[in-house]
Amino acid sequence: MNCELFINWNPSVEFGPFRWYGLCWLVGLALAYFIVKRLYKEQKIKDELFDPLFIYCFIGILAGARLGHCLFYEPDHFLTSGKGLVEMFLPIRFLADGGWKFVGYQGLASHGGTLGLIIALWLYVRKTKLSIWTVLDNIAIATGTTACFIRLGNLMNSEIIGKVTDVPWAFIFERVDSMPRHPGQLYEAIAYGILFGLMWWLHKKYPQRIGTGWYFGLCLTYIFTFRFFIEYTKEIQEAFEASLPLDMGQILSIPFIIIGVCCMIRARKHDTSNFKL
């Protein structure tokens with residue numbers, strides 16, 4: 001295997017005073033913020049109803065992603081001791097000598113983030129009295145941008161690496177090892193960028209669909225179907241997954257695919273337009 005043919009990847013995890021991963025998160029959320037704000041304006045929804053949305057989304061995504069990782073990927077660490085429970089909620093790690101250090105929230109699961117977001121949006125609509133389906137569809141249209149930048153952040157950090165391969169576009173993640181691997185993070189980033197372009201085009205062509213839940217269903221179905229199959233190119237994240245017929249990412253994707261398809265079927269049954277796709 002001639003490793004000179006592949007892409008050697010070892011960028012700094014920092015960009016000035018920022019870490020790439022945190023910066024990508026920030027950019028992705030900011031883009032989604034402005035996209036949804038524009039959608040609210042197009043739909044003539046009052047500004048005061050939009051203002052609290054970002055806070056609900058930020059807390060819901062972060063809390064859900066963190067808890068999802070702790071509960072599904074590292075339960076043996078976080079659920080078996082008092083220190084583990086503390087580390088679940090605080091961005092610290094306890095040291096063997098009795099001290100602790102700040103490490104940030106190392107470990108965020110997209111499936112948990114999605115569930116946390118849905119719960120946060122449910123609380124948001126209870127407060128604002130907006131239609132849950134309208135809010136879910138608006139968020140779904142913007143979701144591709146945030147998801148794309150999150151995976152670019154993983155790429156910059158050399159996280160969630162792919163399996164060893166000899167494809168000509170393989171990356172050698174030098175901070176991991178010297179083997180050429182699938183750039184699974186890049187595959188996902190590209191797919192989510194395409195998702196946003198598709199959703200934006202569809203919402204312009206079929207604005208009457210917003211509020212039916214169809215865009216929300218399409219978003220879930222697209223993201224988690226792609227996620228299910230892309231897992232075949234990625235290394236498992238935890239050792240226990242090696243004994244499973246499917247890895248944890250695939251197992252957790254299945255319920256979201258089912259929910260997405262059900263939402264799309266429900267939307268079609270409640271739609272009286274001549275929409276076809």
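Student: How far does the backbone oxygen of Arg 209 lie from a polar atom of the side chain of Thr 212?

Tutor: The model is a predicted one, and in it the backbone oxygen of Arg 209 lies 2.7 Å from a polar atom of the Thr 212 side chain. The side chain of Thr 212 also has a polar atom 3.2 Å from the backbone nitrogen of Trp 214.

Student: Where is Thr 212 placed, and is Thr 212 buried or exposed?

Tutor: Thr 212 belongs to the loop that runs between helix H8 (184-205) and helix H9 (214-230), and because its relative accessibility is 13%, it counts as buried. If neighbours within four places in sequence are set aside, the contacts of Thr 212 are Trp 133, Asp 137, Arg 266 and Ala 267.

Student: Which residues are linked in a network of salt bridges?

Tutor: A pair is counted when a side-chain nitrogen of Lys or Arg is within 4 Å of a carboxyl oxygen of Asp or Glu, and by this rule there are eight salt bridges. The network links Arg 151, Glu 188, Arg 227, Glu 231 and Lys 234. Within it, Glu 188 bridges to Arg 151, with the closest N and O atoms 3.1 Å apart. Since Glu 188 sits in helix H8 and Arg 151 in helix H7, this pair ties together parts that are 37 residues apart in sequence. Glu 188 also meets Lys 234 in a salt bridge, at 2.9 Å from N to O, and that pair likewise links distant parts of the chain, with Lys 234 in the loop between H9 and helix H10 (248-269) and Glu 188 in helix H8, 46 residues apart. Glu 188 and Arg 151 are buried, and Lys 234 is buried too.

Student: How should I read the salt bridge of Arg 38 with Glu 42?

Tutor: Here the two residues both lie in helix H1, four residues apart, which is about one turn of the helix, and their closest N and O atoms are 3.4 Å apart. Arg 38 is partly exposed because its relative accessible area is 45%, and Glu 42 is partly exposed at 35%.

Student: In what order do the three strands of the open sheet stand?

Tutor: Strands of a sheet pair through backbone hydrogen bonds, either parallel or antiparallel. In this open sheet the order is S1-S6-S7, and the pairing is mixed. Strand S1 (7-9) and strand S7 (180-181) stand at the edges, each with a single partner strand, so one side of each is left without a neighbour in the sheet. Strand S6 (residues 171-173) pairs with S7 in the antiparallel sense over two bridges, and Ile 172 stands opposite Pro 180 in S7.

Student: Which residues form the nonpolar patch on the surface?

Tutor: The patch is formed by Leu 71, Phe 72, Leu 79 and Leu 85, which together have about 340 Å² of accessible area. Phe 72 is placed in helix H3 (residues 53-72), and its relative accessibility of 38% is why it counts as partly exposed.

Technical notes. Residues numbered from 1 in each chain as written. Predicted model: local features only at pLDDT ≥ 70, side-chain atom pairs only at ≥ 80, totals over all residues. Heavy atoms only, no water. Patch = residues over 30% accessible without salt bridge, like charges linked within 9 Å, V, L, I, M, F, W, Y side chains within 5 Å. Areas by Shrake-Rupley, 256 points an atom, 1.4 Å probe, with all protein chains shown as cover. Buried < 20%, exposed > 50% of the residue type's maximum accessible area, 1.4 Å probe, protein only. Polar contact = N/O pair within 3.5 Å; in protein donor to acceptor, adjacent residues only side chain to side chain. Contact = heavy atoms within 4.5 Å. Pairing = 2+ DSSP bridges.
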